[in-house]
Amino acid sequence: MDEFQEILQDFLVESFELVEQLDQDLIELESTPEDLELLNGIFRVAHTVKGASSFLNFDVLTHLTHHMENVLNKARHGELVITPDIMDVVLESIDLMKALLNTIRDTSSDAGIDVAACVIRLDKVSGGDGDVPKVESTSAPAEEASTEEISVEENAEEELDYDNMSDEDVEAEIQKLLAERQEEDKAKRAAKIAAGESVPDAPPSPDEVVKDTPAPPPVAKKAKPKNETPKAAPPVKKTATVEQTIRVDVKRLDHLMNLIGELVLAKNRLIKINDDVEERYEGEEFLEELNQVVSIVSLVTTDLQIAVMKTRMLPIGKVFNKFPRMIRDLTRELNKKIELEISGEDTELDKSIVEEIGDPLVHIIRNSCDHGIETPDIRVAAGKEEGGIISLKAYNEGNQIVIQIDDDGKGLDADILKDKAIEKGLISEKEADNMSDKEAFLLIMRPGFSTAAAVTNVSGRGVGMDVVKTNIEKVNGIVDIESELGKGTSLKLKIPLTLAIIQALLVGVQEETYAIPLASVLETVRISIDEVYTVEGKSVMRLREDVLSLVHISDIFEVERIMSSKEYAYVVVLGLGTQKIGLIVDTLVGQEEIVIKSLGDYLKGIEGVAGATIRGDGGVTLIVDVVALMDMAKNVKVSAINSASNAEAVSTEKTKASDYIVMIVDDSKTDRTIMTKALKPLGITLVEAGDGQEALSLLKQGDHNFDAMLIDIEMPRMDGYTLAIEIKKYSRYKNLPLIAVTSRTGKSDRMRGVESGMIEYITKPYSPDYLSSVVQRNVNFKSEFLS
Amino acid sequence: MSDKLKEIINKQSDQQNPDVTNLDDIVQLVGFIIGDEEYAIPILAIQEIIKPFPWTRVPQVPAYVKGVFNMRGSVIPLIDLRLKFGLNEQKHNDETRFIVMKVGDEVAGFVIDRLTMALRIKKQNIGPAPDTVNTEDSLIDGVGKEEDRIITILKADKLLKRDF
């Protein structure tokens, strides 16, 4: 049974591939009915499916394909001209065949689909009287098939009841048939050679055929190959292009992708550690070696990532393939003349994305056919060609794939769209007035919008285009529409190559970092605060000729403003379709490859957050959802870039000497003790820190309201200057007196001290009294506390 | 096999596992303190207990959701039980711990003030939650009595359920 399952699997895989090919070939055939090569190819497909299905006892399928084969056989012998009507029947039968294959895949049996009507039509087309015995899936119709077939082959005298023959008889019969056929072949070959054509190798000897073909049941199958050998012979062309493939479960690839994701994170972390080590051990010899290893690891990781990504890539042709057939059906249904031009079907996309874009493309193309392309008489009246052209293109553009669907139809009318949207209550009249044509085009993507006056079977139910938008956005893609009235419409779907790992721009705001998908970033600009204007309660700035509306990232993500705003800010210009917005951030951190992780069920659906990623330092960074951010920005009033809350007065009334709190920052325990001793007599509270970082985290904890800080300059991890600069970033410490206590006496050192925000400069050694007096002066020490 | 032999074997295995008979009646819990009260969570709902860890704030969530943190490559929400239970926020100190709970596919870290101990409480010593709080949505599973203490037993699955 297992063996059977295996064969069945192979059969299904093969059949589906063949059927896909069949669809395309048939459409092509309709335009070039004389193309014998094509006809032969199609015939072979039908035949192969028939042969295999009869072997597997799928009688309904065999019955159907058999009749298809008849029609095609007649056609290729020139007894039948393929007219659109015949093609309709053939296509219908192919649809049935697909349905049957699907049923077989799901249930391992081909019961449940009635093919009788179609078979009768096929039979009529092929010249029969339509009187075809009905086949039940359980019965064995092999004999019917063979008889019919043979009659078509004009071998009427061989109408034998194979079922009742003994094995030897069958064998003999086969030998006889083969011999006959070979005779014919020889004759034909001779004729061909005479005509100067190259002929493939002689068909396999009868013995081989008998051995190769599945042993007992379908005699029909064996009778057939002989028929096709002359022209079809071993498909030479195909073997040349056969690709070596292994079928792999998608789950395994997904798992591999996850592992690569982890590896990318580890790589990022390694790079960060390398940078740190480099800083600390500058000039050491082993650094170079470490550097080399790190760069090799990062290079290989990137290559590996690309390689694994490629294993998941499928040519977009998989999706495009079904459209020629669809267009054909639509043209007949709508009485229009439409031609489909496809290019770039080799462009590759992640499998999961390929699966997602199928439906949107169907909707778009249906729409183009139904609403875009006009009927022939209207087109002629407008001075256009009678037949419309829809072109479907796919190409790479940077990190994205662009799928472009152009039609040369009537184009979109912005005014009509606006009126319609107002009528349906989707937008207000005021909004409509402010709308550019491009924005108006995007209205067709709104839910509940449909411009077709009459709802047709094809489109116009008002569901299609918004499905397009949601599906494309689901894969982080964007939809762009351009249209010219009377000339046509062009739709562009821009889709990222893959879902799991993206390039991101990391931006900093206050102490937080966010990742913005680079695909949505148009540019970044550094602006000074006074370049920001306020218009109707919204911040805007001029960006070259345009006015760009601005929103501060901290307004979107409720970031607490603990650090004072600087004179300069950065604006990240985000673009989504035609919408643009400037996002104000404090710093640009850099560009990084990030692995998208979900926030899990507990935190899902947070507006503006698309997910999270783990950074090189092991911390979590949130990923901005640009689509949602654009929406949220509309509701944010006045961006408060100028109105950063100024330092709240921390000076609470001092009632005793110990209310004064001073921090001593020095890496030397001795120095700290000396300072402590000098200040002890004042009775003030002293807090010690061993270096700049410790001091900073003490400040951040906010356990104490410090009145002053004594800072040594030379310290490990973070020196005094850096500490001072960091401290001054926080608005609440703007006025905190910072006193440098150092043995550095150079003028430039003093200058640096002043630049970094120190207000006093005490040089070591100093007298305890001097230190005490400087501290007293700076904390406004009340003299009454002096004992 | 004679009945006698069976009896002996049974007896032996009984002797080897003296607790076997009443294991089913015992609930194993991990106790911890939030504010002034002692709470407990079934030990099977706990994936691990870790020392405080840096986390990333997440916008637009209630205050008790502190944010997310990275636990060996997974992004996990962090929930402060002090805030969730309406107490004031407290600085993390040496005794503060994150309890990472897992029920089904749901994982989250919970900030607690300090751990007490692993508890084995007999089922008969666990009473129902007080009527006033005993509703479907209640976080309280029951109240355990252990010598002189009263321990509130929480429902891990309810804690892990998003309620905003």
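The questions and answers below concern a predicted model with chains A and B.

Me: In what order do the strands of the open sheet of chain B lie, and which two stand at the edges?
Reply: The sheet is open and has six strands with mixed pairing, in the order β8-β1-β2-β11-β10-β9. Each edge strand has a single partner strand, so one side of each is left without a neighbour in the sheet. The strands in that position are β8 (114-122) and β9 (126-127) of chain B.

Me: How many bridges join β10(B) to β11 of chain B, and which residue is the bridge partner of G144(B)?
Reply: Strand β11 of chain B covers residues 149-154, and β10(B) runs antiparallel to β11, with six bridges joining the two. In β11(B), the residue that partners G144(B) is I151(B).

Me: What span should helix α14 of chain A have, and how far apart are its end C-alpha atoms?
Reply: Helix α14 of chain A takes in residues 323-334, which makes 12 residues. At 1.5 Å a residue the helix should span 16 Å, and this agrees with the distance between its end C-alpha atoms, which is 16 Å.

Me: Which residues of α14(A) are buried, and what arc do they cover around the axis?
Reply: The buried residues in α14(A) are F323(A), P324(A), I327(A), R328(A) and L330(A). An α-helix has 3.6 residues a turn, so residues three or four places apart point the same way.

Me: Which residue just after α14(A) takes a positive phi?
Reply: The phi in question is about 55 degrees, and the residue that takes this positive value just after α14(A) is N335(A).

Me: How many residues does each chain bring to the contact, and how many on the side of chain A are nonpolar?
Reply: Chain A gives 22 residues to the contact and chain B gives 18 residues. On the side of chain A that touches chain B, α11 (250-280), β17 (609-614) and β18 (620-624) each supply at least two residues. That side of chain A divides into six charged, five polar and, for the class asked about, 11 nonpolar.

Conventions: Residues are numbered from 1 along each chain as its sequence is written. Chains are lettered from A and ligands numbered from 1 in the order in which they are written. This is a predicted model: local features need pLDDT of at least 70, side-chain atom pairs count only at pLDDT 80 or more; totals for chains, interfaces and linings use all residues. Two residues are in contact if their C-beta atoms, placed from the backbone, lie within 7 Å. Helices (H or I, at least four residues) and strands (E, at least two) are DSSP runs, numbered from the N terminus. Ala, Val, Leu, Ile, Met, Phe, Trp, Tyr, Cys and Pro count as nonpolar, Asp, Glu, Lys and Arg as charged, and the others, Gly among them, as polar. The expected span of a helix is 1.5 Å times one less than its number of residues. A residue is buried if 20 or more other C-beta atoms lie within 10 Å of its own, exposed if 12 or fewer, and partly exposed in between; C-beta atoms are placed from the backbone. Two strands pair if DSSP finds at least two bridges between them.
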